[in-house]
Amino acid sequence: MTQFAYLFERFPSFGQTFCYREVAELARQGIAPPIFSIRKPKDEPPQDWDERVIERVHYLPEEKELLDDARRASKKGKLTAEVIAALDEWGRRPDFLRLYQAAYVGVRLQKLGIRHVHAHFAGLAARTAFWIQKFFRIGFSFTAHANDIFAPRNFEIGLDKLVGAARVIITETDYAKKFLREHFSESANRIHRIYNGLDLSQFRRADFSRTPPLIIAIGRLITKKGFADLICACRLLLERGKSFRCEIIGEGPLEHQLSKQIANLDLQDRVQLPGAKAQHEIRERLAAASAFVLPSVIDPDGGMDNLPTVIMEAMVAALPVVSTLIGGIPEMVIENETGFLIPPGDVPAIGGAIEKIISDRSLAQKLGQAGYERAHRLFSIEKNVRDLCALFP
């Protein structure tokens, strides 16, 4: 019998493909833990998910049905007096639904005989898992990613309580592991680093044959991705007489602002915002590119990237990478070996690094090959999923 279950806030989501890949690889290895998702994804671009994985997802009900389910469970004696008292005491305080979601999932985990649950992000799902442990003595772990570590939101069950209660805390980079161990030294022996992984066989290598060279960037159109700096760098390349095209793939709240910037800099013929794309389309665009750029910055509330999956994907596609000295990015991109690392916000340096790559095909191929080899050493989903399971009790 499977010894753990997954609990996600939203699954599967195109913005969190690393979660889907982890679950899909477990299935490939013959491990099929139950999957609970608090919310159902909606208004997302179509993806090529495996229906056999999607069919396993148990979506939690909305508020009214959730509260009704707790009342029924209470009448049937499935909830202890301690649980009922906690629900009554918490009342309608902020985050109260986490307690009811914990009651809903916990009853079902007990029925399945499962004694451990794993969540992704130190957020809504992890807070629900916290209460599952309190109510049912079912242990939990979580994988922390980026903003949930570096700019955590203020909840009563915050990052400190989650780290203190979890059996295992996993994060994606040595940078984040060090950050967490320094901030929560009493829990240091329970904090581990496991890189996200990719199915390396799905990616086709770039051949650098496209003319003019294509610069690719991928990510949500939000401040911390630094796409405004990339657009400014493209203006510098245009002024230097360089031939190129640039695609910034993704969607988000800054779409109108970035579109206006492109128009103001007279870059409509050079820079495009094609929106979000399915994974197979992203792989095709990477294979057609000559350089990958992610000019990440720290946004005003402290949010920043940690291990952007898109950089891993670009490396597997044998693309040279231009990025910034943020979070765990330097663990992926090695300066002048697999690409170039720039101080955040340094537009001339971003432009200069891109210019080197698109002006020298042999350099681009050399950097891309080194990145390809590094990605194969570090980011194999098969190995990384085995490492993950080895940490679960």
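Is aspartate 43 buried or exposed? At 74% relative accessibility, aspartate 43 counts as exposed, where exposed means over 50% relative accessible area, buried under 20% and partly exposed in between, with a 1.4 Å probe and protein chains only.

1. Basis of the note. This is a predicted model, in which local features need pLDDT of at least 70 and side-chain atom pairs count only at pLDDT 80 or more, while totals for chains, interfaces and linings use all residues. Residues are numbered from 1 along each chain as its sequence is written, and side-chain values use heavy atoms, with hydrogens and water left out.

2. Positive phi values. Aspartate 43 sits in the loop between strand E2 (35–39) and helix H2 (51–54), the helices (H or I, at least four residues) and strands (E, at least two) being DSSP runs numbered from the N terminus. Its phi is near 55°, a positive value in a residue other than glycine. Phenylalanine 121, in the loop between strand E4 (116–120) and H6, also has a positive phi, near 80°, and with a relative accessible area of 23% this phenylalanine is partly exposed. Such cases deserve a look because most residues other than glycine have a negative phi, and most peptide bonds are trans.

3. Cis peptide bonds. Phenylalanine 11 and proline 12 are joined by a cis peptide bond with omega of about -10°, and proline 12 belongs to the loop between strand E1 (5–10) and helix H1 (17–28). A cis bond also runs from threonine 211 to proline 212, with omega near -5°; here proline 212 is placed in the loop between strand E7 (191–193) and strand E8 (214–218).

4. The nonpolar cores. A nonpolar core is taken as a set of buried Ala, Val, Leu, Ile, Met, Phe, Trp, Tyr and Cys residues joined through side-chain atoms within 4.5 Å. The largest one has 117 residues, of which Phe142, Ile248, Leu286 and Phe292 touch the most other members. Helix H5 (residues 96–112) gives the most to this core, with 10 residues. A second, separate core of 21 residues includes Phe4, Ile35, Ile54 and Ile170. As background, nonpolar side chains tend to be buried together in soluble globular proteins.

5. Phenylalanine 292. Leaving aside neighbours within four places in sequence, the contacts of phenylalanine 292 (contact meaning heavy atoms within 4.5 Å) include Ile216, Leu286, Val310, Leu319 and Val322.

6. Helices H5 and H6. H5 and helix H6 (residues 124–136) pack at an angle of about 60°, their axes 8 Å apart; axes are lines fitted to C-alpha atoms, for helices over the stretch in contact, and angles run from 0 to 180 degrees between N-to-C directions. The two helices are therefore oblique to each other, since angles under 35 degrees count as roughly parallel, over 145 as roughly antiparallel, 65 to 115 as roughly perpendicular and the rest as oblique. Among the residues that meet are Leu99, Ala102 and Val105 in H5 and Trp131, Ile132 and Phe135 in H6. By class, this contact has 11 nonpolar, four polar and two charged residues, with Ala, Val, Leu, Ile, Met, Phe, Trp, Tyr, Cys and Pro counted as nonpolar, Asp, Glu, Lys and Arg as charged, and the others, Gly among them, as polar.

7. Helices H3 and H5. The axes of H3 and H5 come within 9 Å and cross at roughly 55°, and these helices are therefore oblique to each other. The contact is made by Glu63, Leu66, Leu67, Asp69 and Ala70 of H3 together with Phe96, Leu97, Tyr100, Gln101, Tyr104 and Arg108 of H5. Its residues divide into seven nonpolar, one polar and three charged.

8. Helices H10 and H11. Helix H10 (residues 227–239) and helix H11 (residues 255–264) pack at about 10°, with their axes 10 Å apart, which makes H10 roughly parallel to H11. Phe227, Ala228, Ile231 and Cys232 in H10 meet Leu258, Gln261 and Ile262 in H11, a contact of six nonpolar residues, one polar and no charged.

9. Glutamate 247. This residue lies in strand E9 (residues 245–249) and is buried, with a relative accessible area of 10%. Not counting residues up to four places away in sequence, glutamate 247 touches Leu214, Ile215, Ile216, Ala217, Gln272 and Arg285.
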